[in-house]
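Visitor: Please bring up the model. I would like to go through it with you.

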Amino acid sequence: MASSSSSSLSRVVVKSSDNNLFVVNKKVASQSQLLKQCIDNMEEKGTNDVILIPLSNVTSNILTLVLEYCEKHADFADDDNNNQELKQWDHEFLKKFDYATLNSLTMAADYMVTKSLLNLCCQFIADSIKDLTVQQIRQIFDIKNDFTPQEEADIKNENAWAFR
Amino acid sequence: MVTKNRVVDLPEELMREILSRVSVKSLIRFKCVSKSWCNLINSKDFVELQLNKSKERYENEIGTFIILGATSLYSVDLNSPHHRSQIIELYVPKEIEALYPSSEYCCFALYNPATRAFNKSPKLENKMSQKEYNSRSSDFVYDCVADDYKVFDFVRRGLSKLVEETRVYSLKESSWKAISNPPLRRVRSHRSVVANNFLHFIGYSDDSRSHVIIRLDVSTQRYDIMSLPFDFEDICGGLAWLRGKLHVITYTIKQPSYGLEIWVFEYGVEETWT
């Protein structure tokens, strides 16, 4: 790890919405544009104190996962994006989660501006729902069917080929 | 991991991101999920987002061929290693099958094989005498200025090379409109090429001795003439649009100039022939 000059921070403390603290080193935190922006701002001011960044929208469960992702990707930060090992890891990482967790992770990635994780989650969810039935989709995303039976039948009849 | 977590509602913006990565066929099925999903999937912004996402994804792939058979359409996925097994017969709406041309009018159907939506143009009356033999050629173009799809229909009387009736159909306005005819005679045998929002076709110059390219601005529907940097009796090859450049391909089998020539025109840069 490169040694940091005296005026730059080496780690930050991130606080989850349920008030747990996580000490994160700078290279890992920089995977999130939100955290990176906070660090850059503090460094510009010349602060040497460890800074605390509160994330009011992210629970510790989810934050742990985001940081796990950031840590892995920080290790590969100098490689090109097409590293097969990393891609394999990404897939195995997301495979473990249910939709509720995936949704929360997607929102956290969006909030923390971790673009690669956001893309990864969106693509993963898209790939896993593409062959599901309408009924399964409603269950997964907890969506209430607000069509009348007639309206629903009309859409189905118009596009019968897509339901085969 | 806890499996009974309460599902958090994803904000619409993120749902859009996810759904834009799903295929058109699945999206059409998902219109049934709820009214808000249906509205989202039908919205113009979403359609554009989805299109851009799939362009990114399939950038390096060859694509799909649509083949027009005698009575139906077939699609062939060229990315599949076994082309033969990937030939799919597309569903063609009954209304299109019923569109047989008659001597009094003709009708165009625009068909989107991805969504299987189709649009039928209003009848286009043939104004010229029905007893005469007329020949028509049509071009389907996308007008990127008006964000509209258009069909240009050129009708010639008999075997004449002069177009005597030109009309344009706009998908947005869903109507036909007469526009002025090409200023010069058109070479019949060559296909037209759409590029840079212009429709290009090869025509004869005033004195019929040489060839020019007639350009039709698909947005303003005005013509102009591009002269060619060479002069010879016939253009055998025709026009092509390759790698962002307009190509005129010519060859002659007459001595002594026997050979193949390709002239390239690049829009935007210096607008000269090389």
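**A side chain, a helix and an interface**

Guide: The side chain of N197(B) comes within 3.0 Å of the backbone nitrogen of C144(B). This is a predicted model: local features need pLDDT of at least 70, side-chain atom pairs count only at pLDDT 80 or more, and totals for chains, interfaces and linings use all residues. Residues are numbered from 1 along each chain as its sequence is written, chains are lettered from A and ligands numbered from 1 in the order in which they are written, and side-chain values use heavy atoms, leaving out hydrogens and water.

Visitor: Is N197(B) buried or exposed?

Guide: N197(B) sits in the loop between β12 (193-195) and β13 (198-204) of chain B. Strands here are DSSP runs of E, at least two residues, and helices are runs of H or I, at least four, numbered from the N terminus. Buried means under 20% relative accessible area, exposed over 50%, partly exposed in between (1.4 Å probe, protein chains only). At a relative accessible area of 10%, N197(B) is therefore buried.

Visitor: How far apart in space are N197(B) and C144(B), C-alpha to C-alpha?

Guide: In sequence, N197(B) and C144(B) are 53 residues apart. Contact means heavy atoms within 4.5 Å. Beyond its neighbours within four places in sequence, N197(B) has contacts that include Y142(B), C144(B) and L216(B). C-alpha to C-alpha, the distance from N197(B) to C144(B) is 6.6 Å.

Visitor: Which side chain does that of K53(B) join in a polar contact?

Guide: K53(B) lies in helix α4 (residues 44-57) of chain B. It counts as buried because its relative accessibility is 15%. A polar contact is a pair of N or O atoms within 3.5 Å; within protein, one must be able to donate a hydrogen and the other to accept it, and residues adjacent in sequence count only if both atoms are side-chain atoms. At 3.2 Å, the partner of K53(B) is E17(B).

Visitor: Which side chains meet in a salt bridge between chain A and chain B?

Guide: The contact takes 39 residues from chain A and 35 residues from chain B. A salt bridge needs a side-chain nitrogen of Lys or Arg within 4 Å of a carboxyl oxygen of Asp or Glu. Across this interface the rule finds one. At 3.9 Å, N to O, the side chains are those of E151(A) and K35(B).

Visitor: What length does helix α3 of chain A reach?

Guide: Helix α3 (residues 60-75) of chain A has 16 residues. The expected span is 1.5 Å times one less than the number of residues. Close to the 22 Å expected, α3(A) reaches, from first C-alpha to last, 22 Å.
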